[in-house]
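Here is a short report on one protein chain. Keep the sequence and the 3D view side by side as you read.

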Amino acid sequence: MSNLGSDTFNNVQIGIIGCGHLGQAILESLIKHGFRKKNLFISYKGSPSTYGKIEKMGLASCISGNERIFNEADIIFITTKPHDVISLKEIPISQGTLVVSCL
């Protein structure tokens, strides 16, 4: 990430759909490398345990619906289990959005 210009790095909007172990690891790495929390969108299935972890990372304000993530994020990491992806198929994705599947 250090190869990106600071303007690019600080203005990109990143969405994480699925905030289990992999989604949390990506979030932790982004934050560790200076990514602004205000530029993150996070969705998860609603587990109280997962919410607690998100809150502990100081990211509760970043929780968003999948539709918002697909409309506003420049890069979307899909870190759900394969059987959960079916729920995303009808959501339109903004043109130019980079989708990274981590299934």
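Lys 89 is exposed, because its relative accessible area is 57% and the cut-off for exposed is over 50%. This residue is found in the loop between β3 and β4 (98–101). Keep in mind that the model is a predicted one. How many residues apart along the chain are Lys 89 and Glu 28? They are 61 residues apart, and their C-alpha atoms are separated by 27 Å.

Thr 79 is also placed in the loop between β3 and β4. Is Thr 79 buried or exposed? Its relative accessibility is 11%, so Thr 79 counts as buried. The limit for buried is under 20%. Thr 79 and Cys 19 are 60 residues apart along the chain, yet 7.1 Å separates their C-alpha atoms. Leaving aside neighbours within four places in sequence, Thr 79 is in contact with several residues, including Ile 17, Gly 18, Cys 19 and Cys 102.

Ile 16 lies in strand β1. With 0% relative accessibility, Ile 16 counts as buried. Beyond its neighbours within four places in sequence, Ile 16 touches residues that include Phe 41, Ile 42, Ser 43, Phe 77 and Thr 79. Ile 16 and Arg 68 are 52 residues apart in sequence, and 11 Å lies between their C-alpha atoms.

Ser 43 belongs to strand β2. Its relative accessibility is 6%, so Ser 43 counts as buried. Its contacts, again leaving aside neighbours within four places, are Ile 16, Ile 17, Gly 18, Cys 19, Ser 64, Asn 66 and Ile 69.

The table sets out the accessibility values.

| Residue | Relative accessibility | Class |
|---|---|---|
| Ile 16 | 0% | buried |
| Ser 43 | 6% | buried |
| Thr 79 | 11% | buried |
| Lys 89 | 57% | exposed |

**Helix α2**

Now turn to the helix. Helix α2 covers residues 21–32, which makes 12 residues. At 1.5 Å a residue, α2 should span 16 Å. Its end C-alpha atoms are 16 Å apart, so the model agrees with that expectation.

Which residues of α2 are buried? They are Gly 23, Gln 24, Ile 26, Leu 27 and Leu 30. These residues cover an arc of only 160 degrees around the axis, so they sit on the same side of α2. On the other side of α2, His 21 and Lys 32 are exposed.

What do the buried residues of α2 pack against? Their partners are β1 (14–17), β2 (40–43), α3 (48–56) and β3 (75–78). Ile 16 shows part of this packing: its contacts include Gly 23, Ile 26 and Leu 27. Just after α2, Gly 34 takes a positive phi of about 90 degrees.

**The largest pocket**

The largest pocket holds about 470 Å³ of space. It is lined by 22 residues, and those closest to its centre are Gly 18, Cys 19, Gly 20, Lys 45 and Asp 84. The largest share, 4 residues, comes from α2. By type, the lining divides into 5 nonpolar, 13 polar and 4 charged residues.

Some of these names have come up before. Gly 18 and Cys 19 are among the residues closest to the pocket centre. They are also among the contacts of Ser 43, and Thr 79 touches them too.

Definitions and conventions: Residues numbered from 1 in each chain as written. Predicted model: local features only at pLDDT ≥ 70, side-chain atom pairs only at ≥ 80, totals over all residues. Heavy atoms only, no water. Helix = DSSP H or I, 4+ residues; strand = E, 2+ residues; numbered from the N terminus. Expected span 1.5 Å × (residues − 1). Buried < 20%, exposed > 50% of the residue type's maximum accessible area, 1.4 Å probe, protein only. Arc of directions from axis to C-beta. Contact = heavy atoms within 4.5 Å. 1 Å grid on protein atoms, 1.4 Å probe; cavity = no way out; pocket = protein on both sides within 12 Å on 5 of 7 lines; lining within 4 Å. Points joined across faces, edges and corners; volume = space filled by probe spheres on them. Nonpolar A, V, L, I, M, F, W, Y, C, P; charged D, E, K, R; others polar.
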